Amino acid sequence: MIYEVFRQERKGQAFQHAGSIEAPDERFAEWYAREQYGRRGESTALWIAPRYALHPIEDFVDELNRNYHRVDGYPLKEKLKEARERAGTTSPRDR
Amino acid sequence: MAREDEFHEYVQSGGQVEVDDWMPDEYRARLRKFIEMHGNSELMGVLPEREWILRAPTLQRKLALTAKVQDEVGHAQLIYRVVEDLGKPREQCLDDLISGKSKFHNVFHYPTKTWGDVGVIAWLVDAAAIISQKALLKCSYAPYARIMKKICWEESFHILHGRDVVLTLMLGTDDQRELVQEALNRWWGPLMQFHGNPIPPDEDPMYVWRIKSQGNDEARQQFLDGYVPQIWELGLTVPDPELRKDEKTGRWHYTEPDWDELMHVVTGHGPRTADRLDLRRQARENSAWVRSVLLAA
Amino acid sequence: MSERAQLLLAIADDELVLGWRDSEWTGIAPFLEEDVAFSSIAQNEIGHARALYELAAQELCTSADELAFDRQPEEYRCSRLVELRLPEWERTIARHVLYEEADEARLERLKSSDDGELAGLAAKIDREEAYHRMHAQMWSDRLRDEPRFQAALEELRPLVNVREGHSPEFAELWEQMTEVRRSQPAGTTW
């Protein structure tokens, strides 16, 4: 059975996918993961999971450009310039 | 054809390919074969050094050499997993390796005769390999590029260990210094052949698909530039009277390696090819029962 | 030689020779993941031997390497169990299981020794050996129903505490281990 291995390099960091190993069961998988991804103290912690337990998701739908909840949906430069002119407080940059 | 052209442009401009992405049949085939040969090389590379694990002359050397060989087995594991995810199971790879159907790098077809070989191999053969491996960090096939990162990181101690062994010998008795020179004399030919014949990069499909990102000649020049000065500064001689650096162009001149010999060796006719493959075959047969017991529920 | 030094050498020799034998599997173990794992076990054993030799070396005014390599074959105090060359996986695992069992008992005694240094080192070694025991158990559970594994346990069990004399295989091993060192005068650095 294939087990995926995730490793955390240092405390506080995110766990990242590190690779995969083949093992007959969880006990063996633990031993092998510890060896392949930790024998030189290169990882603080590991997670292992059987490959079948992981479900890839690669399709994300946004047909109608839902930028209302993203930073790129708020281009404020023009409005800000106009508002400053109206208030007579033109920023040095705009002169 | 348009999809292939798109793909070609994509990888040429640095695009990364993951295991489930669409890829042209030719890309997949070449990629898998290339990676498989790398895996074979790591696995076969174990055998020349294994003999010296049992003969290491200090506890430190024993530990370092065992750890180095262990790393190589670990690399084979990483690499064959990538090949398997590309569709060729590990057992099939091992079948093809043992039958001679698939290849492994030239250097692992040669004997290791003395402790001097141990030093020279770890220092110079690993150095030649790491130059190729660093170039593979930019491979368009992402799963392979990712394992190359781990491989390169682990290789860093191999070269230091090799250099330490060599330096210790060079500071030792006359016999010990002679061990190094004699080993270097034997390994120089295979080392010069290691990076492959001088095919121009744009004629090399591996380069065009950005599987390799460095031409063979360029790799060899990098090796010479990095390591000939290190060899000479120890008072060692390189057994090639033509070897010199052209100060104007920065390129190294050398006696053209014997490319026929390289082809002859990698097609399974090296001095130790047959008995090493035989060892692999026997070890595998003897432990077949273990694998079937473990696969049973 | 003090009793303490003799004891240290007996344990160190066990770990050295077992580690040496176990390292023979590096590169040719039944499959790659196990190859990496078993090599770590072999390295740990050599590491334990080194630490034990270093302790003995202080007392005997020599070095760990000299104790490990420069004695005559008859001066080694390892058990017959560890000397054997066992190129069959079932026999190697059987030895692994038997050795870990015996070693666990030995380490327990040492951990409660009045000798602070020895007790401390035993505790460190034991923490690593806990993983070896886990590994041996894991394999033992899997091979339990295999007749060849049972046969190997039967074959090897009587040898656990045999420390009289050495097998001819040990002489061969010693030749291999010391070949490079003997090629140059004593005291040569490698």
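Some housekeeping: residues count from 1 along each chain as its sequence is written, while chains are lettered from A and ligands numbered from 1 in the order in which they are written. Because the model is predicted, local features need pLDDT of at least 70 and side-chain atom pairs count only at pLDDT 80 or more, whereas totals for chains, interfaces and linings use all residues.

**View 1. The open sheet of chain A has 3 strands in the order S2-S1-S3.**
The pairing here is antiparallel, and S2 (16–22) and S3 (45–50) of chain A are the edge strands, each pairing on one side only. Strands (E, at least two residues) and helices (H or I, at least four) are DSSP runs numbered from the N terminus, and two strands pair if DSSP finds at least two bridges between them. From one strand to the next, the twist averages 30 degrees. Axes are lines fitted to C-alpha atoms, for helices over the stretch in contact, and angles run from 0 to 180 degrees between N-to-C directions.

**View 2. Phe6(A) has a bridge partner in S2(A) and another in S3(A).**
In S2(A) the partner is His17(A); in S3(A) it is Trp47(A). Strand S1 (residues 2–8) of chain A is joined to S3(A) by 6 bridges, and 6 bridges also join S1(A) to S2(A). S2(A) is largely enclosed by the rest of the structure, because 5 of its 7 residues are buried. A residue is buried if 20 or more other C-beta atoms lie within 10 Å of its own, exposed if 12 or fewer, and partly exposed in between, with C-beta atoms placed from the backbone.

**View 3. Helix H1 (residues 26–38) of chain A lies across S1, S2 and S3 of that chain.**
Look for the angle with S3(A): H1(A) runs at about 135 degrees to that strand.

Contact between two residues calls for C-beta atoms, placed from the backbone, within 7 Å.

**View 4. Chain B has 12 helices and 2 strands.**
Along the sequence the pattern reads α-α-α-α-α-α-α-α-α-β-β-α-α-α. The radius of gyration of chain B is 20 Å, close to the 19 Å that the globule rule gives for 297 residues, so chain B is as compact as a globular protein of that length. That radius is taken over C-alpha atoms, and the rule is 2.2 Å times the number of residues to the power 0.38. Of the 297 residues of chain B, 42% count as buried.

**View 5. Ala122(B) sits in helix H5 (residues 115–136) of chain B.**
Ala122(B) counts as buried because it has 25 C-beta neighbours inside 10 Å. Setting aside neighbours within four places in sequence, its contacts are Lys68(B), His158(B), Ile159(B), His161(B), Gly162(B) and Val165(B). The C-alpha atoms of Ala122(B) and Leu160(B) are separated by 8.1 Å, with the two residues 38 apart along the chain.

**View 6. The largest nonpolar core has 135 residues.**
Such a core is a set of buried Ala, Val, Leu, Ile, Met, Phe, Trp, Tyr and Cys residues joined through C-beta atoms within 7 Å. Those with the most contacts inside it are Val120(B), Ala128(B), Ala12(C), Leu52(C), Tyr53(C) and Ala56(C). Not counting residues up to four places away in sequence, Val120(B) touches Val166(B), Val180(B), Ala183(B), Leu184(B) and Trp187(B).

**View 7. Chain C comes to 8 helices and 0 strands.**
The radius of gyration of chain C is 17 Å, close to the 16 Å that the globule rule gives for 190 residues, so chain C is as compact as a globular protein of that length. Its C-alpha atoms fill a box of roughly 50 × 40 × 30 Å, taken along the principal axes. Of the 190 residues of chain C, 44% count as buried.
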